[in-house]
Amino acid sequence: DNVLREILAGLASDLPGFLFCKQRVDSRGEPLADSHGNALYDCSRSSNHPEAHHKGLVTTFGTWNVGVWMASALLKWHRQCYNQRVSERLRPGFPVLGMYDTWLIDLLQVLVSQNWSVLFPEWSNTGDFPPTAETFDTVPLHSTELGAAIDQITLPATLKLTPEHAFIAKSMGTKLPLLPVHGKEENVLFHSLVLA
């Protein structure tokens, strides 16, 4: 319901029942060890993996001057490529495809399975899962109460949102986009509302 509530409850970093440290394995699923025989572990709880990934995002996209809609599209593609590279490296039996158009592999897998067997046994077709309301894109951070209050606002018929604002509003699930406080007048108004 509300991402901020889940973060405050500690569910964003330490999900109950999940192991954040696991032994590294090779492409065959065999455990890896260093030259002294010590097991090699990966820990996704530490900040090294996310920090390195965030640094890569800043390095790649930090100087680009794009809008929210384009930024979302670029991040979707980046996430697709990143997840596939990680799967190729860490998931035993995951095929190394040499491309990132996985929807084509989904189609190929279905066509092959209709006539022969399964092409990639470790592959999970996205079509095998029922659609859900979940998204990995721009997600609402506001409470349901704030969303309901925004939806109660009567908008003038002449109001036309920019494509960027319409995208933000759609992503937030509201009639109007939630935008940051900007400029001197808005800061004064914000502080007066907070202190009231």
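Which residues do ring pairs link into a cluster? I looked, and ring pairs join Trp77, Tyr100 and Trp103.

**Ground rules**

I'm working on a predicted model, where local features need pLDDT of at least 70, side-chain atom pairs count only at pLDDT 80 or more, and totals for chains, interfaces and linings use all residues. Residues are numbered from 1 along each chain as its sequence is written, and side-chain values use heavy atoms, with hydrogens and water left out.

**Overall look**

I noted seven helices and two strands. Helices (H or I, at least four residues) and strands (E, at least two) are DSSP runs, numbered from the N terminus. Going along the sequence, I wrote down the pattern α-β-β-α-α-α-α-α-α.

Next I checked burial: buried residues make up 17% of the 196 residues. Buried means under 20% relative accessible area, exposed over 50%, and partly exposed in between (1.4 Å probe, protein chains only). The protein exposes about 15,000 Å², and carbon and sulfur atoms supply 62% of that. These accessible areas come from the Shrake-Rupley method with a 1.4 Å probe; for residues, only the protein chains shown count as cover.

I also looked at contacts, meaning heavy atoms within 4.5 Å. Among contacts with a separation of 6 or more, 39% come from residues 24 or more positions apart.

**H3 meets H6**

At what angle do the axes of H3 and H6 cross? I got roughly 55°, with the axes coming within 8 Å. That makes H3 oblique to H6. For the record, axes are lines fitted to C-alpha atoms, for helices over the stretch in contact, and angles run from 0 to 180 degrees between N-to-C directions. Angles under 35 degrees count as roughly parallel, over 145 as roughly antiparallel, 65 to 115 as roughly perpendicular and the rest as oblique.

On the H3 side I listed Val68, Trp69 and Ser72, and on the H6 side Pro163, Glu164, Phe167 and Ile168. They sort into five nonpolar, one polar and one charged. Here Ala, Val, Leu, Ile, Met, Phe, Trp, Tyr, Cys and Pro count as nonpolar, Asp, Glu, Lys and Arg as charged, and the others, Gly among them, as polar.

**Ring pairs**

I found four aromatic pairs in the structure. Rings of Phe, Tyr and Trp (its six-membered ring) pair if their centres lie within 6.5 Å; planes under 30 degrees apart count as stacked, over 60 as edge-to-face and the rest as tilted.

The rings of Trp69 and Phe167 have centres 5.8 Å apart and planes at 15°, so I filed this pair as stacked. It ties helix H3 (Trp69) to helix H6 (Phe167), 98 residues apart. Phe167 is buried, at 15% relative accessible area.

Trp77 and Tyr100 are edge-to-face, with 6.4 Å from centre to centre and 80° between the planes. Trp77 is in helix H3, while Tyr100 sits in the loop between H3 and helix H4 (102-115), 23 residues apart. Both came up as partly exposed: Trp77 at 39%, Tyr100 at 27%.

**Two loop residues**

Gly67 lies in the loop between helix H2 (48-61) and helix H3 (68-90). With 29% relative accessibility, Gly67 is partly exposed. Its C-alpha is 9.7 Å from that of Pro163, 96 residues apart along the chain.

Is Pro177 buried or exposed? Pro177 is buried, with a relative accessible area of 15%. I found Pro177 in the loop between helix H6 (163-172) and helix H7 (183-195). Leaving aside neighbours within four places in sequence, Pro177 touches Leu161, His165, Ile168 and Ala169.
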